[in-house]
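Look over the sequence and the model, then read the points below.

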Amino acid sequence: MIAIEKLNFGYRKKELVLENLSLHLKPGHIYGLLGSNGAGKSSLLHNICGLLFPSSGSCKVAGDNPANRNPQFLQQVYLLPEEIYLPNVSIKSYLDVYAPFYPTFDNELFFRFLGEFDIPKENKLQHMSYGQKKKVMISFALATQAKVLLMDEPTNGLDIPSKKQFRKIIAGVLKEDQLIIISTHQVKDLDSLIDYVLILDDKKIILHEPVENITDKLAFKQVMSLDEVSTTIYSEGALKGYAVITPNIKKEQSRLDMEMFFNAVLSEKQQMLSQFNKQ
Ligand SMILES: Nc1ncnc2c1ncn2[C@@H]1O[C@H](COP(=O)(O)OP(=O)(O)OP(=O)(O)O)[C@@H](O)[C@H]1O
C-alpha cells in the first residue's frame, strides 16, 4: 500500500530532514509513527499524501505517485493535520461542502463518532473549544473511510477521557484494505492502540516492528533492585524500584510499555536495535 524507497527530503537544498528513507507498509494495520520533536514525522506524512515532494527517491502510495496529486489518489488518502483551522460554519454545512470529496464518506458513521465524543450535531464550529473541534475532525477523518488515513498528533488537545474514547473508536474502525498511521511524540497515547511501531530518528526509520515481536524479543519488568536482573538493557526509576527492559530469553509474557520502549531505543540505540536484527 505504501512503498517508499531511498527517499530524500529537505525544506532547504543542503539540509535534509529525511535521508535515504525506505519504508513498506501493508493494509489492515495501524502503525504508530514515533519520533522526538522535529524528527520529521509530519514531513514524512506530508510526503505520503502529496503535500510535500521528495527531492529524490520514490514514494508510491496506493499504486500512485502522491506528487502527481491525481484526484482519484487524493480521494483515497486523508491527512488529519496537527493544527486544524476550521471555517465558521455549522457541522452540517462543513459536511455538505467537504464530505462529497470522499466517495466512501459515511454520514451515519460520522454522526455515530460525534455522538461517542459527546459533541451535539447541531453545534457551530466557531462555538467549539479546540479539543471539541479536534473531535469533529477525528470523526470526519474516520468517516471518510480513506484507504490511507494519516493522523498527525491526533490526541493533541484531547483530555484524558477523550483520549480513551479515541482509542476505543480507532480500535473498531480499521478495515482489511485500509491502513492507518498515527504520528505522535506523546508515545503513551498509542498504548494498546497500534499493531506496528515505527520509529523515525536520524532522518530515517530506524525501527519497524510488530508489537508482538517487541514483547517476544524483550521483557518489560518491575524490580525492587537492579541486582535482581543480570541482563538489563535499559532501566528507569519507578514508584517502587525500577522498570527494566531485558532480552526475553525465557520467553516470558509481558506488556509493552510504549514510552519506556521509545526512550530505550533512543538512549540505547545499538543495543536495542541489535535485539531485532538477530536471526
Ligand atoms: N515549513 C518548514 N520550513 C523549514 N523547515 C521546516 C518546516 N517545517 C518543518 N521544518 C523543520 O523540519 C524538521 C522536521 O519537522 P517536522 O515537523 O516534520 O517534525 P515532527 O517530527 O513532526 O515534529 P513534532 O513532533 O514537533 O511535530 C524540523 O527540524 C523542523 O524545524
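**Pro 54 and its surroundings**

Pro 54 counts as buried, because 20 C-beta neighbours lie inside 10 Å and the cut-off for buried is 20 or more. The model is predicted.

- Pro 54 sits in the loop that runs between helix H1 (41-49) and strand E4 (56-61).
- Its contacts, leaving aside neighbours within four places in sequence, are Leu 7, Asn 8, Phe 9, Asn 47 and Cys 59.
- Take Leu 7: 47 residues separate Leu 7 and Pro 54 in sequence, yet their C-alpha atoms are 6.3 Å apart.

**Whole chain**

- The chain holds 9 helices and 12 strands.
- A compact globule of 279 residues would have a radius of gyration near 19 Å; the chain has 20 Å, so the two agree.
- Along the principal axes, the C-alpha atoms fill a box of roughly 65 × 45 × 35 Å.
- Of the 279 residues, 30% are buried.
- Consider contacts between residues at least 6 apart in sequence: 66% of them join residues at least 24 apart.

**Annotated domain**

- An unreviewed UniProt entry carries the annotation "domain: ABC transporter" for residues 2-227.
- Over residues 2-227, the chain is 29% helix and 27% strand.
- The end C-alpha atoms of residues 2-227 are 45 Å apart.

**Helix H4**

- Helix H4 spans residues 107-116, and its buried residues include Phe 110, Phe 113 and Leu 114.
- These three lie on the same side of H4, because they cover an arc of only 100 degrees around the axis.
- On the other side of H4, Glu 108 and Gly 115 are exposed.
- What do the buried residues of H4 pack against? Their partners are helix H3 (91-98), helix H5 (130-143) and helix H6 (160-173).
- Asp 118 follows H4 and has a positive phi, near 60 degrees.

**Ligand shell**

- Which residues surround the ligand? They are Tyr 11, Val 17, Gly 35, Asn 37, Gly 38, Ala 39, Gly 40, Lys 41, Ser 42, Ser 43, Glu 82 and His 185.
- By class, the shell around the ligand has 3 nonpolar, 7 polar and 2 charged residues.

**Positive phi**

- As background, most residues other than glycine have a negative phi.
- Asn 20 is not a glycine, but its phi is positive, about 55 degrees.
- Asn 20 belongs to strand E2 (residues 18-25).
- Is Asn 20 buried or partly exposed? Asn 20 counts as partly exposed, because it has 13 C-beta neighbours inside 10 Å.
- Glu 153 also has a positive phi, near 50 degrees.
- Glu 153 is placed in the loop between strand E6 (148-152) and H6.
- With 19 C-beta neighbours inside 10 Å, Glu 153 counts as partly exposed, since buried needs 20 or more.

Terms used
Residues are numbered from 1 along each chain as its sequence is written. This is a predicted model: local features need pLDDT of at least 70, side-chain atom pairs count only at pLDDT 80 or more; totals for chains, interfaces and linings use all residues. UniProt positions are given in the numbering used here, feature names are shortened, and annotations may be inferred rather than shown by experiment. Helices (H or I, at least four residues) and strands (E, at least two) are DSSP runs, numbered from the N terminus. A residue is buried if 20 or more other C-beta atoms lie within 10 Å of its own, exposed if 12 or fewer, and partly exposed in between; C-beta atoms are placed from the backbone. The arc is that of the directions from the helix axis to the C-beta atoms. Two residues are in contact if their C-beta atoms, placed from the backbone, lie within 7 Å. The radius of gyration is taken over C-alpha atoms; the globule rule is 2.2 Å times the number of residues to the power 0.38. A residue is near a molecule or strand if its C-beta atom, placed from the backbone, lies within 6 Å of it. Ala, Val, Leu, Ile, Met, Phe, Trp, Tyr, Cys and Pro count as nonpolar, Asp, Glu, Lys and Arg as charged, and the others, Gly among them, as polar.
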